[in-house]
Amino acid sequence: MLYVHNTMTGSKDRFEPLVPGKARMYVCGVTVYDYCHIGHARSALIFDVLRRHLEYSGLVVEFAKNFTDVDDKIIRRANEQGVSCESITTTYINAYYEDMEKLGVRRATIEPRATEHITDIVTLVERLLTKGMAYLVDGDVYFQVDRYPLYGSLSKRKLDDLQAGARVDVDQRKRHPMDFALWKSSKPDEPSWDSPWGPGRPGWHIECSAMAMRHLGETFDIHGGGMDLIFPHHENEIAQSCGATGKEFARYWIHNGFVQINQEKMSKSLGNFFTIREIFKKSEWPDAVTGEVLRYFLLSTHYRSPVDFSDHSLREAKGALNGFYDLFERLKEPALSQGVLDQQMYETTTRMRQAFAQAMDDDLNTSEAVAALQRLRGETNKALEAGLSDEMRRTVRQGFRTLGAVLGLLQLDCWQFKPQLQPASSDMHGETSTTLTDDDVADKIAARIKAKKVKNYRLADQLRAELASHGVTIEDRPDGTSRWKR
RNA sequence: GGCGCCGUACCCAAGUGGCUAAGGGAGCAGUCUGCAAAACUGCGAUGCGGCGGUUCGAACCCGCCCGGCGCCUCCA
């Protein structure tokens with residue numbers, strides 16, 4: 001039974017879907033005017049894991065994640081580069097998919113774009129105007145916040161407090177300083193659509209309301225996003241949606257914490273942010289490994305806590321992950337003894353499976369869930385020394401795969417990969433890359449085993465050192481063969 | 001000014017009223033191995049920012065203080 005921290009109630013609430021057996025969730029995606037950074041990765045990952053856990057728990061998940069493809073920043077970027085807005089949004093949507101695929105973030109079941117929902121948006125704005133919750137000024141339509149009495153209930157703010165703290169120039173045409181745009185009349189050279197109020201484009205908040213209602217219904221289960229969206233974005237979405245329908249909008253509001261750099265929020269103004277592709281590019285590991293390392297790192301902290309990103313933290317995650325793949329290699333090897341510990345191992349697996357599910361059910365406690373996997377790893381290694389049958393070895397590996405899948409971890413076949421293609425070594429000496437192919441490694445290992453047989457340890461050690469210089473580590477097995485990894 | 005979060009071993013990080021304070025990384029010692037690597041075993045916070053209080057009992061609840069951070073403006 002899943003419990004989630006609900007920003008609206010401020011407590012851990014039992015998750016009971018509106019329609020039994022089905023979970024409908026909407027997550028605010030990205031505004032596509034730039035590459036995604038590690039903070040976007042965290043948010044996407046967390047809701048991907050929530051979705052996986054809901055599915056693992058037997059629910060059918062309808063998951064909508066939008067692209068904001070009309071926005072001031074997109075227009076500015078297009079103008080800077082002298083290209084169309086479509087060109088900008090297409091570029092960054094494609095980049096988004098590339099990044100997310102490397103991170104192992106699955107696509108949502110529905111991925112709507114604002115520009116594809118202009119009709120829905122216009123209809124919603126009209127509804128609000130008809131109800132007297134919005135007003136028209138010079139072709140702009142504003143939502144009137146004081147017409148929605150519950151305004152501030154998500155972010156726990158009072159309208160008066162907000163007014164006192166307002167630091168922006170207040171548009172004098174607004175009836176209340178916190179009123180926000182539902183529809184903006186367009187200036188020349190801006191993308192625009194026809195509307196009853198003249199050519200214009202949607203405000204930021206209205207698109208999510210319109211798309212969520214279109215795809216998930218007027219009331220649905222989960223709405224999520226980063227903590228910074230609580231105010232004003234989600235607060236405004238609630239005001240618009242509930243204002244228009246008179247019904248509850250989302251029933252559970254889930255927000256993730258930030259990725260920080262040196263205890264500070266990442267931000268462009270501080271210049272301390274890292275894009276996802278930059279991290280992959282700089283990584284010393286192959287993409288598949290880097291992706292898993294990033295996931296492990298991001299999931300080893302609870303989703304609502306801040307998490308500090310650094311090279312050091314990635315190396316720690318890599319180290320922690322190594323143990324799993326070392327174990328999986330051992331599990332692949334034929335059993336030398338009878339499965340004396342099979343029964344005990346079976347019980348341990350069952351226990352850890354329960355611990356894992358219990359942790360995930362407790363507000364997605366991924367740290368605890370990972371700890372359960374680590375305990376299972378330790379127990380398996382111990383049992384392996386005493387003896388596990390071939391069948392049990394396969395069963396255990398499958399167990400890791402099944403639980404790991406909820407977190408998107410432990411799915412790789414093995415931890416040794418072809419090194420990333422080095423940018424064609426066109427350096428001045430025209431030297432070819434010194435990376436070794438798998439066949440090269442196999443040859444050297446064969447030579448070393450031969451050397452060991454005749455007790456030529458000097459040659460054996462030399463070969464090992466040679467491989468080590470290429471980042472290849474050897475592990476000798478008791479039967480005289482060797483396994484290796486990069 | 002308003003709202004809110006965090007401070008647990010060398011590092012990361014669970015736990016939030018009651019068994020020996022999870023787990024990982026790093027480290028040290030040992031077993032195994034030609035040597036390694038991996039694995040295994042052992043060591044590592046008598047204490048959870050500080051001081052008071054509530055309680056039979058607190059890292060966990062309350063108060064104050066110290067330190068760090070976030071939101072209130074676009075932002076995952």
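**Figure 1. Salt bridge between lysine 382 and glutamate 379 in the predicted model.** The side chains of lysine 382 and glutamate 379 form a salt bridge, with 3.8 Å from N to O. Because the two residues are three residues apart in helix α12 (residues 366-386), about one helical turn separates them. Lysine 382 has a relative accessibility of 57% and is therefore exposed, the cut-off being over 50%. Glutamate 379, at 28%, counts as partly exposed.

**Figure 2. Salt bridge between lysine 444 and glutamate 466.** Here the side chains meet at 2.9 Å, N to O. This pair links distant parts of the chain: lysine 444 belongs to helix α14 (residues 438-453) and glutamate 466 to helix α15 (residues 457-469), 22 residues apart. Lysine 444 is partly exposed, with a relative accessibility of 22%. Glutamate 466 is also partly exposed, at 30%.

**Figure 3. A network of salt bridges.** Asp326, Glu333, Glu475, Arg477, Arg483 and Lys485 are joined into one network by salt bridges that share partners. In the model as a whole, the count of salt bridges comes to 36.

**Figure 4. Salt bridge between glutamate 329 and lysine 332.** The N to O distance in this side-chain pair is 3.0 Å. Both residues lie in helix α10 (residues 311-332), three residues apart, which is about one turn of the helix. Glutamate 329 has a relative accessible area of 16%, so it is buried, the cut-off being under 20%. Lysine 332, in contrast, is exposed, with a relative accessible area of 53%.

How values were computed: Residues numbered from 1 in each chain as written. Chains lettered and ligands numbered in written order. Predicted model: local features only at pLDDT ≥ 70, side-chain atom pairs only at ≥ 80, totals over all residues. Heavy atoms only, no water. Salt bridge = Lys/Arg side-chain N within 4 Å of Asp/Glu carboxyl O. Helix = DSSP H or I, 4+ residues; strand = E, 2+ residues; numbered from the N terminus. Buried < 20%, exposed > 50% of the residue type's maximum accessible area, 1.4 Å probe, protein only.
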